[in-house]
Amino acid sequence: MVILMRELKKLRMGYSEANFEETECGEVKEKPYFNKMRLKYMSMVKAEKLKSLILARIRVARLKLWVTRALTMLLLWAIAMQLKSLGEAVSSARTPKSTFSYPLPPERVYENNGYLMVSSNGGLNQMRSGICDMVTIARFLNVTLIVPELDNTSFWNDYSQFADIFDVEYFIASLRDEVKILKELPPAQKKKVAESVFSMPPISWSNMTYYYNVILPRIQTHEVVHFQKTDARLANNRIPDEVQKLRCRVNYEALRFAPPIQALAEKIVRILREKGPFLVLHLRYEMDMIAFSGCNEGCNEQEIDELTKMRYAYPWWKEKVIDSEKKRLAGLCPLTPEETALTLQALGIDRNIQVYIAAGDIYGGERRLATLRAAYPNLVKKETLLPPSDLDPFRNHSNQMAALDYYVAVESDIFVPTNGGNMAKVVEGHRRYLGFKETILLERKAIVDLVDLYRAGSLSWEEFSSEMKEAHADRMGKPAKRLVIPGKPKEEDYFYTNPEECLTPVDEPHQVSDDQKQNVEAEAEP
């Protein structure tokens, strides 16, 4: 362009009369040299115009291409959103969806110290309590919790996962004002965990100081920490009230059952309510319970042999030789169906009340249930209340079946457990939280003594009934202080049995009888 301007300047300066010449005929003509220069100039101008035109068209074409691409991406995004909405609509039509009865709380914003993965262990109610503790620990360590894995290796061989039993969407959303919970690790952390992960079982019955001083630094160092066990990893007592109250909130509000379980459990309760009040009897008399406890009261020789073989068949069960009678007299055996029938009658339970058995198959079947059925003819189970098709989706999943019984037990008018297992403890605490609903806590040692005296003819029915009522006067699930035994957490009252920090304050100290102390010490694991 510079050369062109120079040439143009030269042409303008030199283009004068000297640029013309006269021919022989007297005509004035432009000299050939200047004629060529003018043509060259005109050609260069046209070339530049053509070049500018081409560049302009290229720019326009590029702009059109980018606009087309942007519009295409916008269109694809809109289509994807429409398909997603359609998919959600179809899915909601096929399966029950989580529902929130109140607006979700605002999300708590905090500096994340890392990620906590947990593998729950034990049966349904043992895992339930452990999950509550893990949520609470994650909240006060300011870490992100990954939805817990459930135990698939226990005796019951149930392969259900969290979302099969609990409403995972509600669980995450309802606790968002306390702690962030994810269904899985983010991609970067997932890749890291695939290579190696720091796993450990936290120390049982630990207080929050242990988690602040030991666990938090490990999470900050490794970014992701995996807890291999969750049962009884947080102490019952000497825990700040705000920690205890969050344990309650998780257990009694955030841990709802999955919609299919919830719907069927509500159906069972509805069927029972239509016929009047009902009592839930947690009759722990399944084959595994009798075999592992070594309690064979009322069993024949063939059954005793069968139970003994089962106990020896499992290497992890350390106690093999068990004195059944000695254990029974100490009040450490689950009550038999026959003992239970006498106890309920002596306590004055109306024979016409519906008695819902919350348990698996009773060992000995109808032969062992005959006395109980004679005393309480309205004896029912979920299997007798529902058509088989209703229970088919849950049959091979013991934890899901246990979840149905848990819900019915919490909703019942009266709850009576015949053994102090995890379900009995957790349901008792849940019913306290709901307003101290009637729960009869059977004093097994006193019952065995009274039953034996009555059967031997040493007590009349009136005396037997009077003694039984007196033994249980303060065992109806009423407000009480939690029993605290410093240095012996296994022997004191379980937090989830009596979460008093979350209940109406109780001023009276908890009176513990000598028999109760003996029972507690005998039941405690070595």
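Student: What makes the meeting of the D390 and K267 side chains a salt bridge?
Tutor: A salt bridge requires a side-chain nitrogen of Lys or Arg within 4 Å of a carboxyl oxygen of Asp or Glu, and for D390 and K267 the N to O value is 2.6 Å, so the pair meets the definition. This is a predicted model, in which local features need pLDDT of at least 70 and side-chain atom pairs count only at pLDDT 80 or more, whereas totals for chains, interfaces and linings use all residues. Residues are numbered from 1 along each chain as its sequence is written, and side-chain values use heavy atoms, with hydrogens and water left out.

Student: How do you know that this pair links distant parts of the chain?
Tutor: D390 lies in helix α16 (residues 388-391) and K267 in helix α9 (residues 259-274), which places them 123 residues apart; helices here are DSSP runs of H or I with at least four residues, and strands are runs of E with at least two, numbered from the N terminus.

Student: Why is K267 called partly exposed?
Tutor: Buried means under 20% relative accessible area and exposed means over 50%, with partly exposed in between (1.4 Å probe, protein chains only); K267 has 28%, so it is partly exposed.

Student: Are D405 and K382, which also meet in a salt bridge, buried or exposed?
Tutor: Both D405 and K382 are buried, and their salt bridge has an N to O value of 2.9 Å. This pair joins helix α17 (residues 398-411), which holds D405, to helix α15 (residues 382-385), which holds K382, across 23 residues.

Student: What separates K445 and D449 along helix α19?
Tutor: They are four residues apart, which means a separation of about one helical turn, and their closest N and O atoms are 3.6 Å apart in a salt bridge. K445, at 19% relative accessibility, counts as buried, whereas D449, at 31%, is partly exposed. A search of the whole structure finds 28 salt bridges, and a network of them links E297, E325, R328, E339 and D452.

Student: How do you know which residues Y356 touches?
Tutor: Contact means heavy atoms within 4.5 Å, and, not counting residues up to four places away in sequence, Y356 touches several residues, including V280, D405 and K382. Y356 is also one of the residues that touch the most other members of the largest nonpolar core, which has 77 residues; helix α3 (residues 124-141) gives the most to this core, with ten residues. Such a core is a set of buried Ala, Val, Leu, Ile, Met, Phe, Trp, Tyr and Cys residues joined through side-chain atoms within 4.5 Å.

Student: Why are β10 and β11 called edge strands?
Tutor: Strands pair if DSSP finds at least two bridges between them, and β10 (379-380) and β11 (414-417) each pair on one side only, in an open sheet of four strands with parallel pairing and the order β10-β9-β8-β11. Strand β8 (residues 278-282) and β11 pair over four bridges, and V280 has F415 as its bridge partner in β11.
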